[in-house]
Amino acid sequence: MKKLQFLKSLVDLFWFFSIIAIIAMTLFVPYMFFSKEVIDIPIEINGQKILVTDLSTKFLLLVAVIAYFLFAYGIFLFRKVLMSFQKRTIFSDEVVVLLDKVGKSFLLSSTLTACILLVYNFSRTSVVSIEFGGGFSSFLFTASLGLFFMVLSEVFKISKTMKDESDLTV
């Protein structure tokens, strides 16, 4: 159980920094939309620098913020799963539903981010290009992570059914 406590501590730390980022984004987005000047703050999404020059890039940045909120929501739900594991509530309907929601929020977040970069690159260069870089911020990694949580939810659902059937036969 030390591994579970260590994982929970790391996820809590990540959640803490996510909350700080959410507060900063919540303050920045209204400023961005109502400011008439070009925003000279360097904004980078998955290694791609975004220049906020017109309304369309402001809208894309807003969608990127929503994608980040979805990812942070997935982290919040994952914390709830870990809390259930600490309470030794493992094969419950709540855990199955939470794991599925974590997967869907990660998958939707990574898809939105990839679409934003695709649209931004197309609007700037009129060339459609998709890059599959490595690291934690890549589309393939976060999409795979989302699908992993969704598969894990199905595995827990099957395990819960088997446990319930086993409890009935004893």
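**Exercise 1.** Compare the reach of helix α2 (residues 55-86) with the span expected at 1.5 Å a residue.

*Solution.* Count first: α2 has 32 residues. The expected span is 1.5 Å times one less than the number of residues. Now look past the helix: R88 follows α2 and has a positive phi, near 65°.

The model is predicted: local features need pLDDT of at least 70, side-chain atom pairs count only at pLDDT 80 or more, and totals for chains, interfaces and linings use all residues. Residues are numbered from 1 along each chain as its sequence is written, and side-chain values use heavy atoms, with hydrogens and water left out.

**Exercise 2.** Find K80 and decide whether K80 is buried, partly exposed or exposed.

*Solution.* K80 sits in helix α2. Its relative accessible area is 32%. Buried means under 20%, exposed over 50%, partly exposed in between (1.4 Å probe, protein chains only). So K80 is partly exposed.

**Exercise 3.** Classify the packing of helix α3 (residues 93-125) and helix α4 (residues 139-169).

*Solution.* The axes are 8 Å apart, at an angle of about 165°. Angles over 145 degrees count as roughly antiparallel. So α3 is roughly antiparallel to α4. By class, their contact has 15 nonpolar, six polar and five charged residues.

**Exercise 4.** Which elements have the lowest and the highest mean pLDDT?

*Solution.* pLDDT is the predictor's confidence in each residue, from 0 to 100. Strand β2 (residues 48-50) has the lowest mean, 74. Helix α2 has the highest, 92. The protein averages 86, and 91% of the residues score at least 70.

Notes
Helices (H or I, at least four residues) and strands (E, at least two) are DSSP runs, numbered from the N terminus. Axes are lines fitted to C-alpha atoms, for helices over the stretch in contact, and angles run from 0 to 180 degrees between N-to-C directions. Angles under 35 degrees count as roughly parallel, over 145 as roughly antiparallel, 65 to 115 as roughly perpendicular and the rest as oblique. Ala, Val, Leu, Ile, Met, Phe, Trp, Tyr, Cys and Pro count as nonpolar, Asp, Glu, Lys and Arg as charged, and the others, Gly among them, as polar.
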